[in-house]
Amino acid sequence: MTSKPRLTFNVRLEDLVALTFFLLTLLIRVVFHGFDIQNFSPADVLIIIPAVTLLLAKEMVYYFLAGKHGPVANSQGPLDFARPYWEITRDWLPFLFILLMYYSLWGDATLMMVTTDRDQALMALDQRLFGFQASLLLQRIISPRLTAWMTFAYFFHIINIPLVGCYIYLCRDRARFREMMSGLMVVSFLGLLGYLSVPAIGPMYTLRNQYTVPLSHSIWMFNRDVDFMDFARIRRDVFPSLHVAISFAVWLYAYRNSKTLFGILSPFILSLWLSTVYLRYHYLIDVVAGLVLAPLSFLLGNWLFHRWGDIPVAVPTSWAERMPWLPKPSALQGDSDAEDGR
């Protein structure tokens with residue numbers, strides 16, 4: 001008996017990690033706060049729900065614009081013109097999902113499970129493990145020039161990710177780029193779970209009465225960088241330090257793809273790690289946690305990608321027949337979107 005043709009989409013691992021995070025945070029909110037509408041902030045409506053919808057619908061949009069209907073070179077239609085641009089957009093969408101995951105915790109969302117800040121516990125752990133509070137100890141080396149460099153290094157986090165991503169995307173196989181995306185999604189997922197499990201506001205606020213040396217410099221542009229970073233942060237993003245964890249993971253992917261790029265980035269990455277404590281955003285234990293999380297996420301993300309990089313999801317034929325704008329089910333029988341190379 002011949003089976004009926006089916007429409008099969010390949011859900012990417014990167015998308016599945018993001019979707020799992022959004023659904024998990026919604027579940028946590030419902031379990032700990034119920035369905036009371038007062039417990040849902042604008043971030044839930046403007047970020048989480050559209051993000052889930054986007055992730056669920058993205059595969060259909062992909063096949064609508066970039067589906068394999070025929071040779072692009074022999075067609076002059078607007079959809080054929082848009083396909084390569086959509087493919088590039090689709091490859092880079094995980095960066096948007098990481099931002100959406102982060103900003104879904106805007107406001108007091110990090111207090112959904114644990115309702116009180118854990119700064120005292122983190123400071124006590126620093127004191128027990130290291131015998132000091134690192135941001136207080138670093139006051140001995142504070143200078144205007146060093147503060148300016150630390151400020152730039154902290155801001156370099158924003159530049160570092162697309163810099164390495166662009167290099168891999170342009171100079172290596174697409175599979176290598178998707179591997180990096182998977183690793184960054186995993187480290188972000190685990191790091192944001194840390195924010196929910198150990199909410200804290202950081203030494204900038206808890207130790208402010210003990211600081212005797214101000215962080216000041218004369219470079220106006222770097223002051224604007226700090227203002228932007230402070231504005232863009234969520235309230236409780238301390239444990240683990242995702243500045244450290246993500247930059248370390250990106251550094252590992254740079255090493256995997258270009259030893260030269262790895263070497264160029266080294267002073268910036270190492271300075272970035274120091275800046276998280278120097279600028280009083282993180283406790284030392286946050287940095288250590290980020291340094292541990294990054295290689296674990298690197299290994300786990302790579303393993304997951306090579307095992308489940310594309311997960312086929314079959315759509316019932318009856319659904320496909322009701323969506324005439326999609327490719328015919330027979331045309332997609334057994335089709336694969338693994339895209340392991342260019």
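**Entry 1: Arg-256 and its partner**

I began with Arg-256, which is partly exposed at a relative accessible area of 36%. The model I am reading is a predicted one. Which residue meets the side chain of Arg-256 in a salt bridge? I found Glu-179, with 2.8 Å from N to O. This pair links distant parts of the chain, as Glu-179 belongs to helix H7 and Arg-256 to helix H10 (residues 242–257), 77 residues apart. Is Glu-179 buried or exposed? I noted Glu-179 as buried, because its relative accessible area is 1% and the cut-off for buried is under 20%.

**Entry 2: the other salt bridges**

I looked up the total and got six salt bridges. One of them joins the side chains of Arg-178 and Glu-14, at 2.9 Å from N to O. Arg-178 sits in helix H7 (residues 174–197) and Glu-14 in helix H1 (residues 13–33), so I logged a link between parts of the chain 164 residues apart. Both ends came out buried: Arg-178 has 0% relative accessibility, and Glu-14 has 1%.

I then took Arg-174, which forms a salt bridge with Asp-91; their closest N and O atoms are 3.0 Å apart. I recorded both Arg-174 and Asp-91 as buried. I also noted a network: Arg-12, Asp-91 and Arg-174 are joined by salt bridges that share partners.

**Entry 3: aromatic pairs**

How many aromatic pairs does a search of the whole structure find? The search returned 21. Among them I checked Phe-130 and Phe-132, whose ring centres are 6.4 Å apart. Phe-130 is partly exposed at 29% relative accessible area, and Phe-132 is partly exposed at 31%.

Next I looked at Trp-149 and Phe-268, a tilted aromatic pair with 5.9 Å centre to centre and 40° between the planes. Trp-149 is in helix H6 (residues 144–171) and Phe-268 in helix H11 (residues 259–278), so the pair ties together parts 119 residues apart in sequence. I have Trp-149 down as partly exposed, at 33% relative accessibility. Phe-268 is partly exposed too, with a relative accessible area of 22%.

**Entry 4: an aromatic cluster and charges over rings**

I found one aromatic cluster formed by Phe-248, Trp-251, Tyr-255, Phe-262 and Trp-273. Which charged end sits over the ring of Tyr-255? Lys-259 supplies this charged end, at 4.5 Å from the ring centre. I logged a further case at Tyr-211, where the charged end of Arg-280 sits over the ring, 3.8 Å from its centre.

**Entry 5: a nonpolar surface patch**

Which residues make the nonpolar surface patch of about 380 Å²? I listed Leu-27, Val-31, Phe-32 and Met-113. Met-113 is in the loop between helix H3 (78–103) and helix H4 (119–130). I marked Met-113 as partly exposed, because its relative accessible area is 30% and partly exposed falls between the cut-offs of under 20% for buried and over 50% for exposed.

Definitions and conventions. Residues numbered from 1 in each chain as written. Predicted model: local features only at pLDDT ≥ 70, side-chain atom pairs only at ≥ 80, totals over all residues. Heavy atoms only, no water. Patch = residues over 30% accessible without salt bridge, like charges linked within 9 Å, V, L, I, M, F, W, Y side chains within 5 Å. Areas by Shrake-Rupley, 256 points an atom, 1.4 Å probe, with all protein chains shown as cover. Salt bridge = Lys/Arg side-chain N within 4 Å of Asp/Glu carboxyl O. Helix = DSSP H or I, 4+ residues; strand = E, 2+ residues; numbered from the N terminus. Buried < 20%, exposed > 50% of the residue type's maximum accessible area, 1.4 Å probe, protein only. Phe/Tyr/Trp six-rings, centres within 6.5 Å; stacked < 30°, edge-to-face > 60°. Lys NZ or Arg CZ within 6 Å of the ring centre and 35° of its normal.
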